Amino acid sequence: MKNKSIRLCVAGATGAVGKALLSILYSKGFPVENIYALASSRSAGQKIPYGKNKIEVLNIANFDFSQAKIGLFSAGGSVSAEYAPKAARAGCIVVDNTSHFRMHPDVPLIVPEVNKKNIVDYQKTGIIANPNCSTIQMVVALKPIYDAVGIERVNVATYQAVSGSGKKAIDELDQQVHQITQSQPLSKPQVYAKQIAFNCLPHIDVFLENGFTKEEMKMVNETKKIFSDDSIQVNPTTVRVPVVYGHSEALHIQTKEPISASQAKQLISQAEGVILMDDPSTNTYPTVLDAAHEDQVFVGRIRQGLSHPNELNMWVVADNIRKGAATNAIQIAEELISNYL
Ligand code: A2P
């Protein structure tokens with residue numbers, strides 16, 4: 001990255017992703033001239049950590065976005081709907097972590113390891129969308145396979161951490177575990193439809209008319225947009241599990257041309273943003289505890305499938321708050337600074 005200092009704002013700075021954004025920006029030594037932490041009126045005036053320093057939280061409703069050149073937004077879809085266009089009009093380029101603008105035809109949807117060339121399209125609206133967390137880690141793992149042999153379709157089952165639903169969900173899991181282990185009566189779930197502690201819920205976001213959930217259809221539609229390839233078929237089941245940080249995914253990929261497991265391992269081991277952890281003889285495969293606080297996507301259990309000659313199976317894990325959200329947004333900001341500002 002060229003040596004430029006940038007005025008930056010973080011919207012949703014008090015949330016799970018917002019805190020990770022501030023912490024990664026600081027620890028990377030991101031070239032910040034000024035940084036503004038924005039949230040709702042509820043937390044305006046609070047001081048929150050930015051590395052060794054404390055910065056004051058400002059009410060987004062009163063913020064003059066012309067003070068920032070880049071805005072990292074992670075305060076929910078309705079906040080982005082209202083403030084991202086305002087920010088863009090004031091000259092603040094928005095990297096938006098919500099789903100609000102992802103499928104907008106004039107808004108690029110970016111995973112730098114896959115399609116950073118499309119960032120240039122930010123000039124149309126001043127907004128760049130950060131994909132859904134489960135999509136990001138899946139496409140990073142698929143990219144080397146896609147380039148080598150093409151991809152016909154992907155069957156995927158996800159195992160997603162509660163932090164993907166924000167701070168309130170982490171608290172809900174914590175409280176339920178506490179109540180159950182202390183033999184106390186269970187409070188009524190507020191974030192999820194059913195008890196999440198010691199349970200798995202095949203239900204992320206709302207159900208749609210086709211029987212899939214909105215989360216599942218995000219994986220379908222965002223994958224096509226990121227690869228600029230409507231022919232890739234994605235068939236997902238997304239599941240919330242009682243894990244705090246880190247999403248896991250079981251992928252069953254049907255490639256266009258055949259590929260052996262050892263060729264796939266070779267490609268994955270050299271791919272950008274991926275770490276291969278794959279040696280069954282030593283129980284080497286990634287889990288969310290390996291991926292926690294890391295910025296890469298971890299891949300293991302690579303093997304040929306049993307139900308089709310061109311089938312490849314793999315297990316893909318990433319920290320949903322980092323590569324699935326904050327890290328990806330910061331990588332986009334770095335690309336913007338290096339090549340467009
Ligand atoms: P606040 O702390 O003021 O509510 P999470 O996804 O972890 O729940 O975090 C959501 C983030 O989005 C928080 O920083 C929260 O700020 C922020 N947020 C939620 N609603 C609004 C709003 N109406 N205006 C600005 N920020 C909001």
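Glu334 counts as buried, at 19% relative accessibility; buried here means under 20% relative accessible area, exposed means over 50%, and partly exposed is in between (1.4 Å probe, protein chains only). Its salt-bridge partner is Lys28, with the closest N and O atoms 2.8 Å apart. Lys28 is partly exposed, at 39% relative accessibility. Glu334 sits in helix α10 (residues 322-339) and Lys28 in helix α1 (residues 16-28), so this pair ties together parts that are 306 residues apart in sequence. Helices (H or I, at least four residues) and strands (E, at least two) are DSSP runs, numbered from the N terminus.

A quick note on what you're looking at: this is a predicted model, where local features need pLDDT of at least 70, side-chain atom pairs count only at pLDDT 80 or more, and totals for chains, interfaces and linings use all residues. Residues are numbered from 1 along each chain as its sequence is written, and side-chain values use heavy atoms, with hydrogens and water left out.

The structure holds 10 salt bridges, each one a side-chain nitrogen of Lys or Arg within 4 Å of a carboxyl oxygen of Asp or Glu. Here are three of them:

| Pair | N to O distance |
|---|---|
| Glu334 and Lys28 | 2.8 Å |
| Arg322 and Asp295 | 3.0 Å |
| Glu215 and Lys218 | 3.7 Å |

Take Arg322 and Asp295, whose closest N and O atoms are 3.0 Å apart. Arg322 is in helix α10 and Asp295 is in the loop between α9 (288-291) and β12 (297-304), so they tie together parts 27 residues apart in sequence. Arg322 is buried at 15% relative accessibility, while Asp295 is partly exposed at 26%.

Glu215 and Lys218 both belong to helix α7, 3 residues apart, or about one turn of the helix. Glu215 is buried, at 5%, and so is Lys218, at 15%. Together with Asp205, they make up a network of salt bridges.

As for α7 itself (residues 214-227), 10 of its 14 residues are buried. Its cover includes α5 (133-149) and β10 (247-255). Just past the helix, Ser228 takes a positive phi of about 50 degrees.

And the cysteines? There are 0 disulfides, a disulfide being a pair of cysteine sulfur atoms within 2.5 Å. The sulfur of Cys9 is 4.2 Å from its closest cysteine sulfur, in Cys92, too far for a bond. Cys9 is buried, at 0% relative accessibility. Cys200 is partly exposed, at 46%, and its sulfur is 17 Å from the closest one, in Cys133.

Definitions and conventions
Contact = heavy atoms within 4.5 Å.
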